[in-house]
Amino acid sequence: MRSNKLVSMVAAAPPVIGVLALQGDVEEHLVSLAKCDVTARPVRRPEELDELDGIVLPGGESTTMSKLLDNFGLLEPLRAKIKGGFPAYGSCAGMILLADNVLDGREDQHQLGGLDVTVRRNAFGRQVDSFETDLDLAGEKVHAVFIRAPWVEAVSGDVEVLATVPVTAEAGDAAGRIVAVRQGNVLATAFHPELTGDERVHRLFVDMVRGSTGSEDK
């Protein structure tokens with residue numbers, strides 16, 4: 001039988017959060033997570049998923065990432081874990097991978113799913129190019145950087161909208177578009193918080209992971 005001291009030490013262990021390390025802004029997410037008092041590590045193999053309490057899907061190129069997920073044998077096990085309640089956060093391309101439905105995607109692109117939303121791939125890239133603005137995210141002002149980013153065109157009633165682009169002349173076609181959502185243990189942003197040095201989005205995800213620990217088997 002474990003001593004109370006040992007049980008306390010185990011309970012106090014920080015969450016282990018992986019960053020999908022096949023392509024994209026891997027190092028930036030690892031740095032942001034490290035500032036949030038968790039153990040952050042890159043993930044490239046299916047067996048590494050069982051060591052995690054949550055995962056971050058970084059920005060990059062969604063079609064390439066989806067093919068690499070399949071090639072590295074990660075697609076099906078990660079899809080199953082997310083369906084089972086495993087916490088996941090996706091930024092930009094990660095949002096596209098987590099969406100159940102994608103507009104302007106390629107026929108051979110794979111989806112992990114987890115968010116009952118429809119996103120438009122490369123919406124910012126085609127229509128308003130790279131773009132920066134301040135957002136109201138869950139009651140806090142956050143500076144957001146969008147780089148050929150998607151936006152959310154439709155959400156189900158189970159999805160919480162966390163942020164939209166302010167309606168200003170500078171926003172153009174992006175004005176009012178949904179750019180941050182949450183459904184259960186899945187979080188997604190169209191922008192790149194890992195590029196601004198502001199860890200509040202990562203801290204929100206870490207809080208989600210801490211809240212889920214023990215309710216979902218690794």
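Me: Where does arginine 148 lie?
Reply: In this predicted model, arginine 148 sits in the loop between strand S8 (140–146) and strand S9 (151–155).

Me: What is its phi?
Reply: Phi of arginine 148 is near 45°, which is a positive value in a residue other than glycine.

Me: And asparagine 122, what is phi there?
Reply: Asparagine 122, also a residue other than glycine, has a positive phi, near 55°. The loop that holds asparagine 122 runs between strand S6 (115–120) and helix H6 (123–127).

Me: Is asparagine 122 buried or exposed?
Reply: Asparagine 122 counts as buried, because its relative accessibility is 14% and the cut-off for buried is under 20%.

Me: Switching to the overall picture: how many helices and strands are there in the chain?
Reply: The chain contains seven helices and 12 strands. Of its 218 residues, 50% are buried.

Me: What share of the contacts comes from residues 24 or more positions apart?
Reply: Such pairs account for 65% of the contacts in the chain with a separation of 6 or more.

Me: On to helices. Which residues of H4 are buried?
Reply: In helix H4 (residues 75–83), the buried residues are Leu75, Leu78, Lys81 and Ile82. They line one face of the helix, because they fall within an arc of 140° when H4 is viewed down its axis.

Me: What is exposed on the other side of H4?
Reply: Ala80 and Lys83 are exposed there.

Me: What do the buried residues of H4 pack against?
Reply: Their partners are strand S3 (54–57), helix H3 (62–71), strand S4 (88–91), helix H5 (93–98) and strand S12 (186–189).

Me: Which glycine follows H4?
Reply: H4 is followed by glycine 85, with a positive phi near 110°.

Me: How about H2, which residues are buried?
Reply: Helix H2 (residues 26–34) has Val26, His29, Leu30, Ser32 and Leu33 buried. Their arc around the axis is only 165°, so they are on the same side of H2. These buried residues pack against strand S1 (16–20), strand S2 (39–43), S3, S4 and helix H7 (200–212).

Me: Now the core. Which residues have the most contacts inside the largest nonpolar core?
Reply: Leu69, Leu78, Phe124 and Phe146 have the most contacts inside that core, which has 68 residues. One of them, Leu78, also belongs to the buried residues of H4.

Me: What is leucine 69 in contact with?
Reply: Leaving aside neighbours within four places in sequence, leucine 69 contacts Leu20, Leu22, Leu74, Leu75, Leu78, Leu97 and Leu112.

Me: Last topic: how many disulfides does the structure hold?
Reply: The structure holds zero disulfides.

Me: Are cysteine 36 and cysteine 92 buried or exposed?
Reply: Cysteine 36 counts as buried at 3% relative accessibility, and cysteine 92 counts as buried at 4%.

Note on methods. Residues are numbered from 1 along each chain as its sequence is written. This is a predicted model: local features need pLDDT of at least 70, side-chain atom pairs count only at pLDDT 80 or more; totals for chains, interfaces and linings use all residues. Side-chain values use heavy atoms; hydrogens and water are left out. A disulfide is a pair of cysteine sulfur atoms within 2.5 Å. Buried means under 20% relative accessible area, exposed over 50%, partly exposed in between (1.4 Å probe, protein chains only). Helices (H or I, at least four residues) and strands (E, at least two) are DSSP runs, numbered from the N terminus. The arc is that of the directions from the helix axis to the C-beta atoms. Contact means heavy atoms within 4.5 Å. A nonpolar core is a set of buried Ala, Val, Leu, Ile, Met, Phe, Trp, Tyr and Cys residues joined through side-chain atoms within 4.5 Å.
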